[in-house]
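The sequence and structure come first.

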Amino acid sequence: MIEKIAPHPNTTGISQELLKASIERFVQIAKEKSSAGSADGKVFILPPDFTRFHSRAGEITSLLYDIMPAGGSTWSVTDIMPALGTHAPMSEDQCTTMFSPAINSADVLRVHDWRNDVTTIGHCPASMVSDATNGMVSKPWPAQLNKLVWEGNHDAIFSVGQVVPHEVMGMANFNKNLFVGVGGVEAINLSHFIGAVYGMEKMMGKATNPLRAILNYASENFLQTKLSLTCNFTMLEEPLKKVVVFLDEDEFHSTWLGNKAIYRTRMAIADGGELIVIGPGVKKFGEDGECDVLIRKYGYVGTPAIMKHMEEQEELQNNLSVVAHLIHGSSEGRFSVKYCPGHLTKEEIEKAGFEYGDLEEAQKKYSELVDGWNNVEGERVFYISNPALGLWAHKDRFEEEEGDVEAGGGKMPAVNVGAGEQVGVGGSGGVGGSKA
């Protein structure tokens, strides 16, 4: 018997009329400020991919295209490139769902290839990277962009997307859409690694952090968020002992994407707590084929083991984004993670370091939950229907510790990621699975 408990009300929203009027005004102001505003101009739109479908970014992109259609009399959209980062390209069905028929019928949608189709436009100082990684990496960070973005001779580039807490950047969007969304292998690998060793729980929900400082440096030298915390951040009075997260099967088809269930809840989960991830669409680990192989090989086994593997294995040294991803997906034994996937076997899940849960049983037990607190068979359960839309934290874990980055200052926290510093609970390997 499931007793439904009313979720926290969402009192923020933008009507279709207000959204359209705001975008029309925005385009008008952009034209007024541009020297090409009154002449024929090429416009590039950079929206997120389907994993941010619920942000209404597709709707915003479609409205922009309606105002500036290809072949228009003044400004016209010539290119729309979803900011995939490391994600797989959007399918035809996803493009049809996210963008308007006008966009899908025009030859304007482009695919970002993070491994091959980028150019390096500059480097951030090695000293910034060294500070951000506590001396673990002391080399310049390459600012990389898709060649079409950098060399396409566009008169305006519109970056569309939501400003929400993010596991790598602290807060998503702004220059992250450029340097990570359409960045290259070297830049993405190193940025993810910097975020991982700095500490996810020090990073998420914080607009000021060493990685953002690096991207800001790149913006200021090579390119010439308060509301989100209010709308997308849930501060909890008590740590959560049991959390159930649902992954929409059209949006989450890999643990690379689905592990947002871990990233966005880890600061809310109690020591010894349990996270159950229901992922009917999960069929692989990595979005990229090479990343998938490496995740299956090394697993989510906790920071010490992952760092040791990295020190010994060149294939991980050349794929630091995978190293970061494996660290991000490891609870360091503080709580358990049970994955209930639609298309991965018990053996595959446990080999990767997670506990395995039966999807059909989980769906039957938790199918009628509402966001927030629920009572399931006498047990309090906290339910989240889409982890991509926010960040959940217990107030004690979110409070900034002494030594964190200070606004306007260069103070960095001490980061200890060496083997032996963190120990998995019960020999779990750091997550709650069976891999040692």
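A residue counts as buried when its relative accessible area is under 20%. The model described here is predicted.

**A buried serine**

Ser 62 belongs to helix α2, which spans residues 57–67. The relative accessibility of Ser 62 is 9%, so this residue counts as buried. Apart from neighbours within four places in sequence, the residues in contact with Ser 62 are Met 98, Phe 99, Ser 100 and Ile 103.

**Two helices against α17**

Helix α17 covers residues 320–328 and packs with helix α14, residues 289–298. Helix α17 also packs with helix α8, residues 185–198. The geometry of each pair is tabulated below.

| Helix pair | Angle | Distance between axes |
|---|---|---|
| α14 and α17 | about 45° | 10 Å |
| α8 and α17 | about 30° | 7 Å |

At about 45° between α14 and α17, the angle makes α14 oblique to α17. The crossing of this pair is right-handed. On the α14 side, the residues that meet α17 are Cys 291, Leu 294, Ile 295 and Tyr 298, and their counterparts in α17 are Val 322, His 325 and Leu 326. Sorted by class, the contact of α14 with α17 holds six nonpolar residues, one polar residue and no charged residues.

For α8 and α17, angles under 35 degrees count as roughly parallel, and these two helices are therefore roughly parallel to each other. Their crossing is left-handed. From α8, the contact takes in Ile 188, Asn 189, Leu 190, His 192, Phe 193, Gly 195 and Ala 196; from α17, it takes in Leu 320, Ser 321, Val 323, Ala 324, Ile 327 and His 328. The contact of α8 with α17 comprises eight nonpolar and five polar residues, with no charged ones.

**Nonpolar cores**

Which residues touch the most other members of the largest nonpolar core? They are Trp 141 and Leu 275, in a core of 86 residues. Helix α8 gives the most to this core, contributing nine residues.

Beyond its neighbours within four places in sequence, Trp 141 is in contact with Gly 122, His 123, Cys 124, Val 129, Phe 179, Ala 187, Leu 190, Ser 191, Ile 214, Leu 215 and Ala 218. Leu 190 is also one of the α8 residues that meet α17.

Another core, of 25 residues, lies apart from the largest one; its members include Ile 23, Val 27, Tyr 65 and Leu 84.

Note on methods: Residues are numbered from 1 along each chain as its sequence is written. This is a predicted model: local features need pLDDT of at least 70, side-chain atom pairs count only at pLDDT 80 or more; totals for chains, interfaces and linings use all residues. Side-chain values use heavy atoms; hydrogens and water are left out. Axes are lines fitted to C-alpha atoms, for helices over the stretch in contact, and angles run from 0 to 180 degrees between N-to-C directions. Helices (H or I, at least four residues) and strands (E, at least two) are DSSP runs, numbered from the N terminus. Angles under 35 degrees count as roughly parallel, over 145 as roughly antiparallel, 65 to 115 as roughly perpendicular and the rest as oblique. A crossing is left-handed if the near helix is turned anticlockwise from the far one by less than a right angle, and right-handed if clockwise. Contact means heavy atoms within 4.5 Å. Ala, Val, Leu, Ile, Met, Phe, Trp, Tyr, Cys and Pro count as nonpolar, Asp, Glu, Lys and Arg as charged, and the others, Gly among them, as polar. Buried means under 20% relative accessible area, exposed over 50%, partly exposed in between (1.4 Å probe, protein chains only). A nonpolar core is a set of buried Ala, Val, Leu, Ile, Met, Phe, Trp, Tyr and Cys residues joined through side-chain atoms within 4.5 Å.
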